[in-house]
Amino acid sequence: MTRTEGKILLKPDTLWEQVKKQTEYALNCGALLSIPTEFEFVEQDGVNFLVRILSNLDRKNADKKKREKKSAGKEFNPFLPYEQDLFVADISDTHVCIFNKFNVVDYHLLIITRDFEEQEKLLTLADFTAMWACLAGIDGLAFYNGGKLAGASQRHKHLQLVPLPFTASATQIPIAPLLASAKFEESIATIPGLPFVHAFASLQPAWVDSPLMGADATLEIYHKLLRAVGLGAVGDDRQSGAYNLLATREWMLIVPRSQEHFQSISVNSLGFAGALLVKNASEMQILKQHGPMNILKEVAIAYGETKPIAINSY
């Protein structure tokens, strides 16, 4: 798919029904192995953080051991080929939509490239076209973990999409109260309540009616955001450092990363939306003791710090 042409195969008005239908099928056949969680809200600095607590990782750990044995030490790519029972829809000539096999959020979708591309490559027009085609069918949060240090667990390039709201009891994204105070300089803004390096921009919800047009505009905004936080390309269109990207129909946020974990707690893009995940009660205690916003500050880059933006490595 080039900058001037592209073909969208997905009919957005069919996506949500297809997702619900395929979820039932994938659960029944055992392909979709949802991980049960409990959750509670932890407030800090005006944000009611949604913190999920994993109840049982046995399924995921058992599957990991099985894959390691099968691959005999070779790196395993679950997306090439992907499990047919996890398939949701063809999006375009370059991307397909599948389920996250071990989802902790209902209807968690992966937007993957048909051919192998590195997760550390910069996003392209084709990636944003696929993103907008899916956002046209589901009002959700799209996100991208740019490299292992940003929480990516697979090298094969994939964006992700979860429907909004995250829970029935919270009608808006947890960080929404902070976004209203965005301070713009031309088209790029910072959020006063976020104590770490980031860049924020508005998107146009009407782009769901023309994903190709939306993708073209979003690609330009994406590069402006990268420049605003000191990131760019290094040879062969690889990103110069790890980062998280979050996007809805209305806005996009980029946060450069310095490390993947705070102590034992792993943080990916959802953390910067105000949704964190802990594996047990001990990690929940760590989170409450230090504060969720402080944890985000530690794994990002605090203003005034000389900590370098992390270069990715798997």
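How exposed is Glu40? With a relative accessible area of 28%, Glu40 is partly exposed; here buried means under 20% relative accessible area, exposed means over 50%, and partly exposed is in between (1.4 Å probe, protein chains only).

## Ground rules

This is a predicted model, where local features need pLDDT of at least 70 and side-chain atom pairs count only at pLDDT 80 or more, while totals for chains, interfaces and linings use all residues. Residues are numbered from 1 along each chain as its sequence is written, and side-chain values use heavy atoms, with hydrogens and water left out.

Helices (H or I, at least four residues) and strands (E, at least two) are DSSP runs, numbered from the N terminus.

## Salt bridges

Searching the whole structure turns up 13 salt bridges, each one a side-chain nitrogen of Lys or Arg within 4 Å of a carboxyl oxygen of Asp or Glu. Glu40 takes part in one of them, with Lys288 as its partner and the closest N and O atoms 2.9 Å apart. Lys288 sits in helix H7 (residues 281-290) and Glu40 in strand E1 (residues 37-44), so this pair ties together parts that are 248 residues apart in sequence. Lys288 is partly exposed too, at a relative accessible area of 41%.

Asp90 and Arg114 make another salt bridge, again with the closest N and O atoms 2.9 Å apart. Asp90 belongs to strand E3 (residues 87-90), and Arg114 to the loop between strand E5 (109-113) and helix H3 (125-137), so parts 24 residues apart in sequence are tied together. Asp90 is partly exposed at 33%, and Arg114 is partly exposed at 28%.

Then there's Lys224 with Glu220, at 4.0 Å from N to O. These two are four residues apart in helix H5 (residues 211-228), separated by about one helical turn. Lys224 is partly exposed at 31% relative accessibility, and Glu220 is partly exposed at 48%. Elsewhere, salt bridges with shared partners join Glu118, Glu120, Arg155 and Arg238 into one network.

## Helix H5

H5 has 18 residues and spans 25 Å from first C-alpha to last, close to the 26 Å expected at 1.5 Å a residue (the expected span is 1.5 Å times one less than the number of residues). Its buried residues include Ala215, Thr218, Leu219 and Tyr222. The buried residues of H5 pack against H3, strand E9 (188-190), strand E10 (199-202), strand E13 (243-247) and strand E14 (251-256). After H5 comes Gly230, with a positive phi near 85°.

## Nonpolar cores

A nonpolar core is a set of buried Ala, Val, Leu, Ile, Met, Phe, Trp, Tyr and Cys residues joined through side-chain atoms within 4.5 Å. The largest has 50 residues, and Phe128, Tyr222, Tyr243 and Leu245 have the most contacts inside it. H3 gives the most to this core, with eight residues. Beyond residues up to four places away in sequence, Phe128 touches Leu123, Ala215, Thr218, Leu219, Tyr222, Leu245 and Met252 (contact means heavy atoms within 4.5 Å).

A second, separate core has 43 residues, including Val47, Phe49, Leu141 and Phe143.

## Strand E7

In strand E7 (residues 158-163), six of six residues are buried. One side has His158, Gln160 and Val162, the other Leu159, Leu161 and Pro163, and both faces are covered.

E7 pairs antiparallel with E5 over four bridges; two strands pair if DSSP finds at least two bridges between them. Strand E6 (residues 140-146) also runs antiparallel to E7, joined by four bridges. Leu161 is the bridge partner of Leu109 and of Ala142.
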